[in-house]
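Q: I would like to go through this structure one feature at a time. Please give the general idea before each case.

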Amino acid sequence: MDDDTDQVSSCKKGDLAAFEQLVRKYEKRMFNIAFRITGDYEDTCEIVQDAFLAAYRGIASFRGQAKFSTWLTSITINYARNRLKQIQGKRRHEQFSLEDPLPKADGGMTTDPQSNDPPVHELLEKRDTQSKVQDCINALEPDFKEVLVLRDMQDFSYEEISAILKVPTGTVKSRLFRAREAVKDCLKQAMGEL
Amino acid sequence: MEHAAIQFKLSDYLDDAVTPEEKAAIEEHSAACPECRKALAELKATRRHVQSLAEVDPPPWLTGKIMARVREQADQRRGLFQWLFYPLHIKLPMEALGLIFLTVTAYLIVRNTQPGMEPLTTPSKEVYERAQTASPQPATPLESSEEKQQIRRRAEERPMVEKSVSPAPRVDKTVPLDSSAAKPAAQPGVAPKETAAPELQAAGKMKPEEMAAKAVGRSEMAQKQIAMPAPAAQATRPLEELAPSQERKEAEPPTLTAKRFALEAQPLQLTLHARDAAAAGIKIEEAVAELGGKIVKKESLENTQLLFVQMDAKKVDGLLVTLEHLGEVKEKILPAKEAEGNRAITIKIVPIPTSP
C-alpha cells in the first residue's frame with residue numbers, strides 16, 4: 001500500500017499544498033540519488049527541480065500501479081542520466097585545453113614534464129575514506145552506478161530497482177555484482193586492505 | 001555449484017536474494033574455500049563503506065524554488081480553463097444564455113436576409129400521378145432553356161401533326177372534359193398571340209366591366225368549342241391548340257408530357273407596358289389584394305417595376321383582366337393549364353415612352 005495515495009489524489013485535483021508535502025517528503029532522497037549519480041551539487045539542484053516539475057505535470061497520468069516514490073525516483077534517475085550525458089559530452093568535445101601538449105616546429109608534440117605528484121592511488125590515500133568511496137562510485141559506468149546507489153544507499157529492493165530502471169531483476173543482480181566488484185577493486189587500490 | 005558460480009552469487013547472498021538451496025551451497029563451499037571467504041568479506045566491507053557515505057543536505061531554498069516553478073506551471077495550465085468556466089455557478093448559466101441568444105439571433109438574421117422565397121406549391125396528386133405514368137423518370141422542374149424552347153416549338157407545330165390524325169376519334173370525344181381540362185381554355189391568357197394581341201390592344205380603351213364580360217364570354221366560347229364535333233372544332237383550332245385535351249396527351253410522347261409538367265410548375269411571367277408604371281403598380285397591388293393574393297416582393301429598376309405575386313391559380317384570370325385594362329400585356333411563360341392552389345406570378349411593369 002502506497003503511503004502517498006491521499007496526497008497524490010489531492011494533487012490530481014490541483015491541490016498544491018498536497019504536492020508541497022510530497023516535495024518536502026522526498027526532496028532530500030531525490031537530491032541524494034541525483035548527487036551520487038552526477039557527483040555535482042549545482043547540477044543536482046537543477047535535476048531535482050526539473051524532476052519535481054515533471055512529476056507535477058505528469059501526476060494526472062500516474063495510475064498508482066507502482067509506489068509514488070518509485071515513480072518519482074524513476075523520473076529523477078532519467079533526469080540525472082541525461083544531465084550526466086550532457087556533462088560527459090561537453091568534456092569529450094572540448095577541443096583545446098591548457099593541459100594539452102603543444103605542437104613543436106618539427107611536427108612533434110611537446111609533452112608535459114614528468115609530474116612530481118604521486119600517482120592516483122597515492123592521492124586517494126591522502127583523502128578521507130568517504131571521498132575515496134565517492135570517487136570510486138563516480139568512476140563507475142552510469143548503469144552500474146544507478147544500481148549501486150539505489151540498492152546500497154537508498155535500500156530499494158531488487159523488484160523496485162527493476163521497476164525504476166525498467167530492466168529485468170536478473171539484470172539488476174548482474175549490474176549490482178559488477179558495480180560492487182568495481183568499487184571493491186577501486187577501494188582496495190585506494191586504501192589497500194578493506 | 002562451482003567456484004566461479006559461487007563467487008558470482010556472493011553479491012546476491014549478501015542481500016539475502018538467493019534460494020535456501022543456493023544459500024546452503026554457498027555456505028558449504030565458503031567453509032572450505034578461503035578465496036571465496038575473502039571475497040565475501042571484501043564485498044561486505046565495500047557495501048559498508050558505500051552505506052557509510054553521509055547524506056547530502058539539499059539547499060534550504062530548493063523547496064521554495066520547486067514550488068514556485070510548480071505554481072507558475074499551474075497558473076499557466078489553469079489560466080484559460082478557469083477564465084472560461086470558473087466559478088461554474090455563475091459562468092455556466094451565462095454561457096448557456098449567451099449561446100441561446102446567439103442561436104436565436106443567427107436564425108433571425110438568416111431568415112430575414114434570405115430572398116423572399118415562398119415554399120413551392122406541390123402539384124396536385126392527380127397531375128403528379130399523370131406525369132408519373134407518362135414518364136418513368138420524375139419530372140424535374142429544372143429544365144434547360146433549350147428543352148423549354150423545344151416544347152414550345154412542338155406546340156407550334158402541333159396543328160400540322162393533328163391534321164394527319166383521323167378526326168373520327170375527336171368527334172366521339174363529346175364527353176364534357178373535367179374542370180381541370182376545361183379551365184385553361186377559359187383563361188384569356190392562353191389564347192394564341194395572333195388573336196389575343198388585338199384584344200389586348202383594344203383593352204386599354206375598354207371599361208373593366210366590359211373586359212370582365214368579354215373574358216367570361218371567351219371562356220364560355222372555349223368550352224363550347226371543346227364540346228363541338230370535330231369539323232366545327234377544327235375551325236376554331238387556333239384557340240384550342242394551347243388548351244390541353246385528353247387526345248393530345250395521348251398523342252404526345254410521354255417525355256413531352258413530363259416536360260410540359262415541369263414547365264407548368266414555373267411562375268407565370270407577365271410584362272405590362274403601361275403609360276404610368278407607378279400608378280399601374282399601385283392598381284395591380286390593389287387588384288391582387290382584392291383577389292386574395294399577396295405581393296411577396298417589390299423591386300424597382302430605374303423606370304421598371306417588378307412585382308412578385310402569390311395568389312390562387314383560379315383567380316389569375318381576374319388579374320389578367322385588370323392588367324389588360326392597365327396596358328399591353330405580354331407573357332413570357334404560359335400560365336399553368338391545370339394549376340391548383342397558389343400560383344407564383346412575376347409582373348414586370350415597363351413604362352411606354354411618351355413621344356415629345
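Q: Is A:D155 buried or exposed, and why?

A: A residue is buried if 20 or more other C-beta atoms, placed from the backbone, lie within 10 Å of its own, exposed if 12 or fewer, and partly exposed in between. A:D155 counts as exposed because it has 9 C-beta neighbours inside 10 Å. The model is predicted: local features need pLDDT of at least 70 and side-chain atom pairs count only at pLDDT 80 or more, while totals for chains, interfaces and linings use all residues. Residues are numbered from 1 along each chain as its sequence is written, and chains are lettered from A and ligands numbered from 1 in the order in which they are written.

Q: Where is A:D155 placed, and what is its phi?

A: Most residues other than glycine have a negative phi. A:D155 has a positive phi, near 60°, and sits in the loop between α7 (142-153) and α8 (158-165) of chain A. Helices (H or I, at least four residues) and strands (E, at least two) are DSSP runs, numbered from the N terminus.

Q: What is the phi of A:K166, and where is that residue found?

A: Phi of A:K166 is about 55°, again positive in a residue that is not a glycine. The loop between α8 and α9 (169-191) of chain A holds A:K166. With 9 other C-beta atoms within 10 Å, A:K166 is exposed.

Q: What is the strand order of the open sheet in chain B?

A: Two strands pair if DSSP finds at least two bridges between them. The five strands follow the order β2-β3-β5-β1-β4, with mixed pairing. β2 (294-301) and β4 (328-331) of chain B are at the edges with a single partner strand each, so one side of each has no neighbour in the sheet.

Q: How many bridges join β1 of chain B to β5 of chain B, and how many join β3 of chain B to β5(B)?

A: Seven bridges link β1 (268-274) to β5 (342-351) of chain B, and these strands run parallel. B:T271 is opposite B:K348 in β5(B). Between β3 (304-312) of chain B and β5(B) there are eight bridges, and the strands run antiparallel. In β5(B), B:I347 is the bridge partner of B:L307, and B:N342 stands opposite B:D312.

Q: How many residues does each chain give to the contact?

A: Two residues are in contact if their C-beta atoms, placed from the backbone, lie within 7 Å. Chain A gives 34 residues and chain B gives 29. On the side of chain A that touches chain B, α2(A) supplies the largest share, 10 residues.
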